[in-house]
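Hi everyone, thanks for coming. I'd like to walk you through one structure today, so let's get it up on the screen.

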Amino acid sequence: MRIDLHTHSNRSDGTDTVPGLIAHAREAGLDAIALTDHDTTDGWAEGRAAAQETGIGFVPGIEISCKLAYTSVHLLAYLPDPTHQGLADELARVRASRNGRMPAVVERLNEIGLDISTNDVLAQATGTPSVGRPHVADALVAAGIVADRTEAFDKYLADGRPGHVQRYAVEPTRAIELVRDAGGVPVIAHPWGRGSRRVLTADVIAGLTAYGLGGLEADHQDHSPADRAALRAIAADNGLIVTGSSDHHGLGKTDHDLGVNTTDPEQFEALLELARTNAANAAASGARPPEALLP
Ligand code: AMP
Ligand code: FE
Ligand code: FE
Ligand code: ZN
């Protein structure tokens with residue numbers, strides 16, 4: 001069984017449509033995928049239907065934008081009730097803040113002499129409720145200013161670059177509690193990717209476990225073999241599930257092909273078991289989490 005638990009469609013900043021993503025997953029020989037678009041559940045219904053038709057497993061998920069000590073941290077949420085009010089409110093707040101900062105981002109880029117407009121950015125974000133930096137990057141590529149998203153982030157959009165404008169993100173402890181209250185399983189995405197290694201120490205991860213953290217995404221392209229081994233050891237110390245995923249973004253991210261990392265079937269089984277436990281606990285307060293579509 002080949003299972004990829006972290007993928008994006010054009011409902012956030014991937015370039016595949018949802019059915020296109022499912023078709024590619026099958027072509028890549030995957031048996032099951034999770035759809036984890038940033039801060040939205042918009043693709044879930046279409047994803048489940050396409051997966052059912054294609055005959056692969058489907059796990060509805062979200063990648064929630066969090067912030068810890070001014071540093072971006074991403075939390076994967078598997079199988080939470082999307083109608084849970086607290087969770088839905090936080091996701092809406094993140095999306096509103098991401099969309100709301102777009103004119104400021106464009107203005108800053110104009111100030112340094114780059115000729116792009118808000119409309120150019122919106123033209124790159126047709127399928128999504130949430131317009132973010134990747135869409136600005138795509139507009140810069142379309143305008144011939146940079147070659148690809150990576151160059152756009154490195155020169156203009158990464159933290160500390162001229163086009164970077166802060167936005168709202170959720171406290172990880174709050175996001176973990178909300179996901180658990182909604183009957184889902186919270187897993188930290190690429191814990192030691194980009195800047196987050198500094199803030200996600202072994203002690204901090206142990207602290208988050210006390211809030212209900214369920215797992216760590218150890219196998220990710222941002223992690224060296226040594227990082228992966230160290231994260232597995234931290235997971236073992238805390239009784240956490242270990243996942244592995246591609247973080248596929250279609251053409252939006254190179255070296256992140258579907259299935260490039262996968263999740264061990266036993267760990268997947270443990271994740272589904274924890275989802276059942278969290279769902280049963282959350283049902284007491286009225287949550288109705290979805291079930292995974294198994295292959
Ligand atoms: P935003 O939500 O608008 O702040 O954009 C954040 C998203 O941009 C992340 O979730 C990633 O998908 C993407 N991203 C962040 N940093 C980079 C980078 N250095 N290169 C490529 N994509 C990035
Ligand atoms: Fe992304
Ligand atoms: Fe991420
Ligand atoms: Zn991702």
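Okay, let's start with a pair of helices, α1 and α2, which cross in a right-handed way. One thing to keep in mind is that this is a predicted model. Which residues make the contact between these two helices? On the α1 side we have Val18, Pro19, Ile22 and Arg26. On the α2 side there are Glu46, Gly47, Ala50, Ala51 and Thr54. Sort those contact residues by type and you get five nonpolar, two polar and two charged.

Let's zoom out for a second. The protein has 11 helices and seven strands. Its C-alpha trace spans about 55 × 45 × 40 Å along the principal axes. For 295 residues, a compact globule would have a radius of gyration near 19 Å, and this protein comes in at 18 Å, so the two agree. Buried residues make up 54% of the 295. And if you take contacts between residues at least 6 apart in sequence, 72% of them join residues at least 24 apart.

Next up, the metal. Which protein atoms hold on to the iron ion, ligand 3, as donors? They come from Glu63 (OE), His74 (ND1) and His190 (NE2), and they sit 2.1 to 2.2 Å from the ion. Along the chain, those donors follow the spacing E-x10-H-x115-H. There is also an iron ion listed as ligand 2, and 5.5 Å separate it from ligand 3. Glutamate 63 belongs to strand β3 (residues 57–68) and histidine 74 to strand β4 (residues 71–78), so this pair ties together parts that are 11 residues apart in sequence. Are those two buried or exposed? Glutamate 63 and histidine 74 are both buried.

Alanine 69 isn't a glycine, yet its phi is positive, about 50°. Aspartate 255 is another non-glycine residue with a positive phi, near 70°. You'll find aspartate 255 in the loop between β7 (241–244) and α11 (265–283). With a relative accessible area of 53%, aspartate 255 counts as exposed, because the cut-off is over 50%.

Conventions. Residues numbered from 1 in each chain as written. Chains lettered and ligands numbered in written order. Predicted model: local features only at pLDDT ≥ 70, side-chain atom pairs only at ≥ 80, totals over all residues. Heavy atoms only, no water. Left-handed = near helix turned anticlockwise from the far one by under 90°. Helix = DSSP H or I, 4+ residues; strand = E, 2+ residues; numbered from the N terminus. Contact = heavy atoms within 4.5 Å. Nonpolar A, V, L, I, M, F, W, Y, C, P; charged D, E, K, R; others polar. Donors = N, O, S within 2.8 Å, 3.2 Å for Na, K, Ca; no water. Buried < 20%, exposed > 50% of the residue type's maximum accessible area, 1.4 Å probe, protein only. Rg over C-alpha atoms; globule rule 2.2 N^0.38 Å.
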